[in-house]
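Please keep the display in view while going through the points.

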Protein chains: 2
Amino acid sequence: MRRDATATRQRILEEATAEFARYGIAGARVDRIARMAGCNKAMIYAYFLSKDQLFDAVFDAVVVRNVTDVPIDAADLPGYAARLSDQYRTYPEVGRLATWDRLERDGVGVRTATIVEANGHKVEAVAEAQRAGLVGDHLPPEMLLELLFAVAATGFDSVVPGQEPPSPEARRQMVRDAVFRLIRP
Amino acid sequence: MRRDATATRQRILEEATAEFARYGIAGARVDRIARMAGCNKAMIYAYFLSKDQLFDAVFDAVVVRNVTDVPIDAADLPGYAARLSDQYRTYPEVGRLATWDRLERDGVGVRTATIVEANGHKVEAVAEAQRAGLVGDHLPPEMLLELLFAVAATGFDSVVPGQEPPSPEARRQMVRDAVFRLIRP
DNA sequence: CAAGTAACCAACCGGTTGGTTGACGATGCG
DNA sequence: CGCATCGTCAACCAACCGGTTGGTTACTTG
């Protein structure tokens with residue numbers, strides 16, 4: 001097989017994404033990632049230096065993709081939340097990786113410059129919409145945003161066992177309605 | 001020191017709760033739990049058979065306490081959510097353990113008979129309140145409940161880094177208001 | 001083609017982890 | 001007191017895991 005450093009790096013990143021999303025940082029196995037990526041463990045350490053830094057690279061890439069794919073639209077927060085919810089369904093790794101990060105690093109959530117910047121921008125957008133009267137000001141923009149994120153991540157596993165999780169349309173509609181209610185002035 | 005089997009068992013359970021809440025199932029160290037509980041590792045296996053069954057015992061105990069301490073009041077869901085939120089603040093292990101369970105067992109959330117029963121009862125209570133007209137029927141009771149849980153778990157870490165997390169009163173008020181908006185007919 | 005370099009790997013290493021075992025000492029009962 | 005039972009533990013083990021090393025293979029350059 002032809003040698004290609006960037007392709008190998010990319011394969012490692014993809015398989016690491018799946019592995020970390022599934023097992024978390026402590027549970028992920030570097031050997032397994034190497035095997036899945038069809039390369040040697042040493043390559044992983046050549047490219048990413050450590051397991052933790054590999055996770056950072058994975059998480060950052062996922063966040064960047066998410067922010068790029070689903071830009072905030074403060075004039076239509078219900079629509080934004082619905083798109084975010086769809087994104088979570090399309091890429092289930094996103095939510096899981098974010099949760100692993102929150103739990104396993106006792107970092108209070110945000111660490112990477114990428115995320116800090118993205119969140120700051122979003123808070124500002126919501127504040128702007130509040131000043132314009134499009135969004136109620138009964139809550140500070142950060143809390144509104146946190147509620148929105150929480151709602152967008154909802155509806156994937158049912159509370160009661162037997163029951164089917166809601167269809168994509170139903171979930172999208174639920175998220176849209178919930179956010180509409182939450183931000184109404 | 002006087003020997004006391006049930007006391008030892010109880011100490012193991014308590015320390016295991018802290019350990020699992022902090023490090024998760026894969027990250028928890030049985031040696032550390034034994035050392036913290038002031039007993040030998042063998043005791044843990046004598047009482048709980050395996051690391052996984054120890055986690056089950058821990059999780060079940062925590063859930064039981066949570067359900068007992070904060071019974072649902074379908075006639076006042078905002079108040080219930082606020083009390084739940086307070087409980088999450090008083091016992092941060094609860095939320096973390098539940099999250100670890102959701103992530104590390106790929107079980108879709110509910111597994112233990114205790115939880116299934118508790119959740120079923122709650123869904124029924126909400127449905128009852130809907131029939132009585134106290135709660136809007138724009139959403140099925142399970143979804144309403146899932147949204148309520150999501151909101152009650154909100155407001156502990158801030159979205160932007162520098163900022164302080166909201167005060168207990170502010171959080172309680174936010175949760176109450178959010179749930180009020182979500183269930184309004 | 002020869003030399004140099006970048007990509008790659010099998011094998012290994014030190015330390016750790018869940019789990020086990022065999023013995024020891026305290027306790028309580030007949 | 002004799003003795004069985006139960007709680008306790010130090011020591012141990014096989015498997016595993018993150019990380020490293022020394023060397024090999026493919027590709028490029030002159």
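Predicted model: local features only at pLDDT ≥ 70, side-chain atom pairs only at ≥ 80, totals over all residues.

1. Residues are numbered from 1 along each chain as its sequence is written, chains are lettered from A and ligands numbered from 1 in written order, and side-chain values use heavy atoms, without hydrogens and water.

2. Chain A is superposed on chain B by a rotation of 180 degrees with 0.0 Å of shift along its axis (RMSD 0.1 Å), by least squares on the C-alpha atoms of residues with pLDDT of at least 70 in both. This is therefore the relation of a two-fold axis. Both copies use the same surface, since 100% of the contact residues of chain A recur in chain B.

3. In the interface, 42 residues of chain A are in contact (heavy atoms within 4.5 Å) with 43 residues of chain B. About 3700 Å² is buried between chain A and chain B, and carbon and sulfur atoms give 67% of this area; buried area is the accessible area (1.4 Å probe) lost on putting two parts together, summed over both. A:Leu103, A:Val159 and A:Arg181 supply 20% of the area that chain A buries against chain B, more than any other three residues.

4. Within chain B, helix 8 of chain B passes helix 9 of chain B in a right-handed crossing, meaning that the near helix is turned clockwise from the far one by less than a right angle. Helices here are DSSP runs (H or I, at least four residues), numbered from the N terminus. The contact involves, among others, B:Leu144 and B:Leu147 of helix 8 of chain B and B:Val175 and B:Ala178 of helix 9 of chain B.

Methods. Helix = DSSP H or I, 4+ residues; strand = E, 2+ residues; numbered from the N terminus.
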